Amino acid sequence: MTDTAVPSAPSAPSVTVNGDQVPLTGVATHTTALDWLRNRGLTGAKEGCAEGECGACSVMVARPGTTSPTEWTSVNACLVPIAALDGQEVVTSEGLGSSDDLHPVQQELAVRGGSQCGYCTPGFVCSLAAEYYRPSREPSADGSSCDHEHGPNGVDLHALSGNLCRCTGYRPIRDAAYALGSPEADDAFAARQQQPPPEPRPTRIAVDGAEFVRPETLTEALDLITERPEAQVVAGSTDWGVEVNIRGRRADLVVAIDRLPELRELSFRTGHVEIGAALTLTEIERKLNGRVPLLAELFPQFASRLIRNSATLGGNIGTASPIGDAPPALLALDAEIVLASPRGERVVPLADYFTGYRETVRAADELIRSVRLPLPLAPLVGFHKIAKRRFDDISSVAVGYALEIADGTVVRARIGLGGVAATPIRAVATEDALVGRPWTEDSVRRAAAVLATEGTPMDDHRASASYRSAMLGQSLLRLFHAHTHREEVPA
């Protein structure tokens with residue numbers, strides 16, 4: 001009798017928390033990781049805002065690394081469904097250390113007065129611990145890398161940009177961050193990063209008539225949304241998580257596409273850069289490493305590091321919000337969107353993608369597979385975001401620029417705008433006012449007057465229409481003076 005290979009049954013859904021594998025039996029599909037952890041008695045992580053703005057819920061997740069096999073990544077537990085962490089490894093503040101054996105991050109926060117009421121502290125601990133273990137963090141022996149956002153030990157304070165404290169004050173927290181050394185040789189969390197990351201695995205959880213599904217392939221995902229067009233597609237869940245928490249939204253079917261390998265590639269090809277739609281913004285930033293300067297300007301201004309660790313480029317485009325940060329920059333870069341369906345693929349210029357308020361040309365059976373940026377890139381770029389806070393805020397106005405100047409004359413111009421119309425738009429009239437004219441203050445002022453008339457800005461709680469228009473005009477002047485100043489600085 002010959003043995004016949006039998007396919008192994010899918011693993012029962014579970015999450016490894018602080019080293020222990022915990023089943024997801026009977027967990028409602030809309031349950032957030034934060035609620036699930038707290039219900040299990042891990043109450044260090046807190047709910048402060050339920051929309052990813054305060055960081056009190058921060059935990060660490062083992063994710064594929066860019067410079068090491070695995071990287072500890074801080075995420076907002078209040079936004080991600082616990083079902084999305086099936087097969088993954090999570091570490092909370094309780095798992096980092098205890099009162100008898102503090103983790104180095106906890107120790108420095110304690111001795112330097114980095115905690116008063118303590119509500120936000122576990123979130124700071126997890127965000128700072130992820131930065132502590134960042135493989136590319138390099139201490140500077142002479143302190144030359146130290147500035148108002150980076151410490152001599154290589155700590156990037158942007159790692160804490162999504163964590164808010166209401167009573168301690170940030171100086172002692174910063175002092176604790178800058179006092180951290182490097183992980184010891186026997187540090188188990190550091191050693192974990194040298195091992196492969198948890199493999200994404202197909203997931204299907206059904207409770208009380210609702211389902212959460214993580215397909216194994218893009219083809220399976222496309223077939224599923226074709227059969228069930230009402231399905232809610234999620235990647236980082238930074239938008240859907242807010243809908244679940246704040247507006248009480250529920251979906252009969254949630255389809256997670258964040259781990260699909262077909263959506264997670266980044267490559268420089270002949271004539272364009274291809275960026276997978278399910279790569280997180282942090283992954284894109286680190287993989288590009290400054291090779292697309294306009295995106296390098298965008299990333300630090302996009303929400304916070306906690307959000308960028310989960311949010312995807314495909315998700316930011318897919319929501320079709322008129323105040324999304326990425327579309328203005330991508331419009332300036334002449335980006336194209338690759339849409340995949342069971343019928344095949346098609347390429348749509350981003351300028352033609354948005355058709356109305358939160359409406360696009362994407363059909364119900366299509367997913368954004370990737371974003372393409374044509375090469376070569378424009379040499380003069382800029383991204384300006386006008387908001388009430390410098391970081392971690394929604395823009396009132398966002399402007400992306402990509403200009404080419406030859407012999408003192410503008411030969412090509414692309415300008416993308418957000419926050420001044422029902423959709424992200426190109427400032428076509430301003431582009432026409434620039435092209436063929438000298439790159440001088442006089443001609444730029446005339447073009448700035450045109451830019452101030454672009455779009456159909458409105459009054460709302462973030463800004464008035466007149467303010468938005470004024471900021472558009474000032475933005476172009478700001479770009480001109482910044483560029484001129486750089487050119488005048490002697491070598």
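1. Strand 12 and strand 16 (residues 367-374) pair in the antiparallel sense, with 5 bridges between them. Within this pairing, Ala340 has Leu367 of strand 16 as its bridge partner. The structure is a predicted model, and the points below should be read with that in mind.

2. Strand 12 also pairs with strand 13 (residues 344-349), again in the antiparallel sense, here over 6 bridges. The two strands make a hairpin, and 2 residues lie between them. Of the 6 residues in strand 12 (residues 336-341), 5 are buried, so the strand is largely enclosed by the rest of the structure.

3. Leu367 comes up again in the surroundings of Ala221. Ala221 is part of helix 7 (residues 218-227) and is buried, with a relative accessible area of 0%. Leaving aside residues up to four places away in sequence, Ala221 touches Pro215, Ile257, Leu260 and Leu367. For Ala221 and Leu260, the separation is 39 residues in sequence and 9.0 Å in space, taken C-alpha to C-alpha.

4. On the aromatic side, a search of the whole structure gives 6 aromatic pairs. In one of them, Tyr133 and Phe189, the ring centres are 6.0 Å apart and the planes stand at 45 degrees, so the pair counts as tilted. This pair links distant parts of the chain, 56 residues apart: Tyr133 is in the loop between helix 4 (121-132) and helix 5 (170-179), and Phe189 is in helix 6 (residues 188-192). Tyr133 and Phe189 are both buried.

5. The pair of Trp439 and Phe480 is edge-to-face, with 5.3 Å from centre to centre and 65 degrees between the planes. Trp439 sits in the loop between helix 15 (428-434) and helix 16 (441-451), while Phe480 belongs to helix 17 (residues 465-488), so the pair ties together parts that are 41 residues apart in sequence. Which relative accessible areas go with these two buried residues? The value for Trp439 is 10%, and the value for Phe480 is 7%. Both fall under the 20% that buried requires.

6. Tyr133 and Phe189 also belong to a cluster: ring pairs join them with Trp72 and Tyr132. A further ring contact involves a charge. The charged end of Lys46 sits over the ring of Tyr119, at 5.7 Å from the ring centre.

7. Helix 9 (residues 281-288) has Leu281, Thr282, Glu283, Ile284 and Leu288 as its buried residues. Among the elements that cover them are strand 3 (58-64), strand 10 (266-269) and strand 11 (272-276), together with helix 10 (293-298), helix 11 (305-308) and helix 12 (313-318). After helix 9 comes Asn289, which has a positive phi, near 50 degrees.

8. The second largest pocket holds about 410 Å³ of space. It is lined by 17 residues, and those closest to its centre are Leu157, Leu160, Ser161, Asn163 and Tyr170. Which helix gives the most to the lining of this pocket? Helix 5 does, contributing 4 residues.

Conventions
Residues are numbered from 1 along each chain as its sequence is written. This is a predicted model: local features need pLDDT of at least 70, side-chain atom pairs count only at pLDDT 80 or more; totals for chains, interfaces and linings use all residues. Side-chain values use heavy atoms; hydrogens and water are left out. Rings of Phe, Tyr and Trp (its six-membered ring) pair if their centres lie within 6.5 Å; planes under 30 degrees apart count as stacked, over 60 as edge-to-face and the rest as tilted. Buried means under 20% relative accessible area, exposed over 50%, partly exposed in between (1.4 Å probe, protein chains only). A charge sits over a ring if NZ of Lys or CZ of Arg is within 6 Å of the ring centre and within 35 degrees of the ring normal. Contact means heavy atoms within 4.5 Å. Two strands pair if DSSP finds at least two bridges between them. On a 1 Å grid over the protein atoms alone, a cavity is a set of points where a 1.4 Å probe fits but cannot get out, and a pocket is an open set with protein on both sides within 12 Å along at least five of seven lines; lining residues have an atom within 4 Å of a point. Grid points are joined across faces, edges and corners, and a volume is the space filled by probe spheres set on the points.
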